[in-house]
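Please study the sequence and the structure before reading each solution.

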Amino acid sequence: RRCVQETERPLRATGTASFIGLSLLESLITKGARMVMFVGGAITVGPGQIAGEKKAETLRSHLDIVKGSTNTKYMIKATKFFESLAEKASTINVVVDMFVCSLDQVGLVEMKTLSDMTGGILVMTDSCKNAVFKKSFVKLFERDSAGQLKIGTSASLNLLCSQGIKVCGIVGHCTSLKKKSNNVSDMVIGVGQTNAWNFGGIDKDSTYAFFFEITNTSQLNSIAPIYIQFLTRYLHSSGHFRLRITTVRRMMPPGEDLKEIARGFDQEAAAVIVARYAVHRTMTGEETIDVLRSLDRMLIKLVARFGDCKRGDSQNFRMPKEFQLYPQFMYHLRRSQYIQTFGESPDESCYYRDILLKETTSNSLLMIQPALLQYTVESPEATPVLLEMSSMKPNVILLYDTFFHVLIWHGETIAKWRDANFQAKPEYENVKILLETPVEDAEQIIGERYPVPKFIVCDQGDATGQERLIKTRVIPSNTSVTAGIGADYINEDVTLTLFMNQLLSLIHIS
């Protein structure tokens, strides 16, 4: 066994191991299989190498990738190697699941195509002793009431649509089957130039974003509906192939009928679609500033077209109820880790963005705009509150849910009651209920989610630093400092009110 010096990294040949594993499966399987990879550090030897043996040779950062510095000298070759492995795995219907357990980067940016192109599961945490890894790994093998695994393999999808629209592509975890028909657009978004895709692995939460082009507006009116049909075929864990056909019928109003368009607008789905498109652009090499400008332009055009406001009269601005939350979603998306990279390693950014591309609409919205629930003595049941600094009061308990983290925050007064053991006294039964309710809600959330989120408990002004997780995402509110709440907390972000005011001023200028 080789003795590793403090100044050296262990020799890891993950690329070689994955190649051997796929080669063995290729010679054994006939229908489909899953290969699980456990990655504990950076690849330092063999194909797929991303780092040198000496720790003095630092791993690439976001700035290194943008500038193409010497720290990225392994990146192109490693990425191409894992892309070739991913293509091979997709061809032989092998789903590659990856469990990454390391405090440092392991090369997820280079390796992600293995799980992306095969529909595999990706879980990243700091240690294999972490509950996130242990519970997520066990949950992978959960079975339904019939004793079958809850995951499918060898999944593929064919898309058919009526005249007037064409498919531009799909943003999600898949590969093209390179089949083309008359309903395929020349405009490419994501994986395009085809109407058939190989998904590999799927489960009940697998979600994909399809983009379409309206090619003949004269045919799209309230009289002639359009149809889109999805033919999904997959191998069930019972060993039998199943075919699910989903047909969508939608009435497409003329472009000038704004009321009818607004009536059919789903702002939650639209926010997730735009977020995935923006994330896809960042993952394919576009500059963050260019993506932000594109998001701003889309938001300005939408608000200008559907908003009701006279020039110079921003006080009476109104948006239809179908659009009221959309600007707020864009505000949170702009400042999230899915667009911004400050304080994140390339592997972390890659992981968060990768999960956003496959989760359901509700889970994706939770990533874009985390949920904040309040518990008080007067109202111990969960009550949604604004994601603002003003919500962090001394006499409340907050449950903060970002999808990846579930955090219970105790205000200063509540923490003192707990430390004084009030919950153990019969006359303070209400305090006991107050402390137990958010824990029960958190356990329910954790039990239903995959990957399993990290559970954290902290107090106001906690010296452990865990409170930073909630403070990095709360909005600086107009009343927080004047009310004495969060006066010691400095945030460079503008408030949501200022954001909306600036948005309206740009609309008036345009």
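Helices (H or I, at least four residues) and strands (E, at least two) are DSSP runs, numbered from the N terminus. The model is predicted, so local features need pLDDT of at least 70 and side-chain atom pairs count only at pLDDT 80 or more, while totals for chains, interfaces and linings use all residues. Residues are numbered from 1 along each chain as its sequence is written, and side-chain values use heavy atoms, without hydrogens and water.

**Exercise 1.** Determine where Pro 451 is found and which kind of peptide bond joins this residue to Tyr 450.

*Solution.* Step 1: Pro 451 is in the loop between H14 and strand S15 (454–459). Step 2: the bond between Tyr 450 and Pro 451 is cis, with omega about -5 degrees. Step 3: for context, most peptide bonds are trans.

**Exercise 2.** Describe the phi, location and accessibility of Asn 93.

*Solution.* Step 1: phi of Asn 93 is near 60 degrees, a positive value in a residue other than glycine. Step 2: most residues other than glycine have a negative phi. Step 3: Asn 93 lies in the loop between helix H3 (75–91) and strand S2 (94–101). Step 4: its relative accessibility is 25%; buried means under 20% relative accessible area, exposed over 50% and partly exposed in between (1.4 Å probe, protein chains only). Asn 93 therefore counts as partly exposed.

**Exercise 3.** Classify Glu 443 as buried or exposed, and state its helix.

*Solution.* Step 1: Glu 443 belongs to helix H14 (residues 429–448). Step 2: because its relative accessible area is 53%, Glu 443 is exposed.
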